[in-house]
Every structure is written in structure tokens, then in C-alpha cells.
Amino acid sequence: MREDVPTVFKTNFAAALLQAGNVDGCLGVLAEVGEGHAAIDNLKAAIDRWKKSLTLWEKIRWYMGDPPDRPVVLDFPPGDLE
């Protein structure tokens, strides 16, 4: 991503990817953004909870390139205006 794009746009894009079922894409964007924004922490926490809820076979399939059909559930409104 371009470096001149505001962090809030990047985190909103990461949230959109996550809502579309693209967990790996979301993690990639979050890795580029870094730390220091509440939305980043919220998204990473939601993904961590999702990972812990996966069965062993779902984790194995995901690491082999086949993402689970189970969506990541967000307990907060996706996107940020600030």
C-alpha cells in the first residue's frame, strides 16, 4: 500500500477484506500498517479469537492454503471514521 494513505483508510480496507472472508489479505494489510491504532488491535484480537475457535483440521487445511468456511465474527462495528 502507498505510504501516504492515512492509517484509518488502511484499517478500513483491512476490515473490508476480513468481512469478505479474506483473512490472509487482512493480516497482510495489518502487517504493513504496523501498530498504534485501536482498529488494528481490535481486528487482530478478532482474528486471534477466530483462530482459537478453529478445529485442528480447519487449521491444517488453512495452513495448506484452503481457508475455513467459518467467518471471523467482529464484536464491534467494522470500519472507523477517525
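Predicted model: local features only at pLDDT ≥ 70, side-chain atom pairs only at ≥ 80, totals over all residues.

**Exercise 1.** Determine how helix 1 and helix 2 are oriented relative to each other.

*Solution.* 
Step 1. Two packed helices are described by the angle between their axes and by the distance between those axes.
Step 2. Helix 1 covers residues 7–19, and its packing angle with helix 2 is about 165°, while the two axes lie 7 Å apart.
Step 3. An angle over 145 degrees counts as roughly antiparallel. Helix 1 and helix 2 are therefore roughly antiparallel to each other.
Step 4. The crossing of this pair, helix 1 and helix 2, is left-handed.

**Exercise 2.** Identify which residues of helix 1 and helix 2 meet, and classify the contact.

*Solution.* 
Step 1. On the side of helix 1, the residues are T7, K10, F13, A14, L17 and L18.
Step 2. Their counterparts in helix 2 are V23, G25, C26, V29, L30 and V33.
Step 3. Sorted by class, the contact of helix 1 with helix 2 contains 9 nonpolar, 2 polar and 1 charged residues.

**Exercise 3.** Describe the packing of helix 2 and helix 3.

*Solution.* 
Step 1. The angle between helix 2 and helix 3 is about 145°, and their axes are 11 Å apart.
Step 2. Helix 2 and helix 3 cross in a left-handed manner.
Step 3. Helix 2 contributes V23, C26, L27, L30 and V33 to the contact, and helix 3 contributes I40, L43, K44, I47 and W50.
Step 4. By class, 9 nonpolar, no polar and 1 charged residues make up the contact of helix 2 with helix 3.

**Exercise 4.** Locate H37 and decide whether this residue is buried or exposed.

*Solution.* 
Step 1. H37 belongs to the loop that joins helix 2 (23–33) and helix 3 (38–53).
Step 2. The cut-off for a buried residue is under 20% relative accessible area. The relative accessibility of H37 is 17%, so H37 counts as buried.
Step 3. The H37 side chain also reaches the backbone nitrogen of A39, at 3.2 Å.

**Exercise 5.** Describe the surroundings of A15 and state whether this residue is buried or exposed.

*Solution.* 
Step 1. A15 lies in helix 1.
Step 2. With a relative accessibility of 4%, A15 counts as buried.
Step 3. Leaving aside residues up to four places away in sequence, A15 touches L43, P78 and G79.
Step 4. A15 and D80 are separated by 65 residues in sequence, yet their C-alpha atoms are 9.2 Å apart in space.

Notes. Residues numbered from 1 in each chain as written. Heavy atoms only, no water. Helix = DSSP H or I, 4+ residues; strand = E, 2+ residues; numbered from the N terminus. Buried < 20%, exposed > 50% of the residue type's maximum accessible area, 1.4 Å probe, protein only. Polar contact = N/O pair within 3.5 Å; in protein donor to acceptor, adjacent residues only side chain to side chain. Axes fitted to C-alpha atoms, helices over the stretch in contact; angles between N-to-C directions. Parallel < 35°, antiparallel > 145°, perpendicular 65-115°, else oblique. Left-handed = near helix turned anticlockwise from the far one by under 90°. Contact = heavy atoms within 4.5 Å. Nonpolar A, V, L, I, M, F, W, Y, C, P; charged D, E, K, R; others polar.
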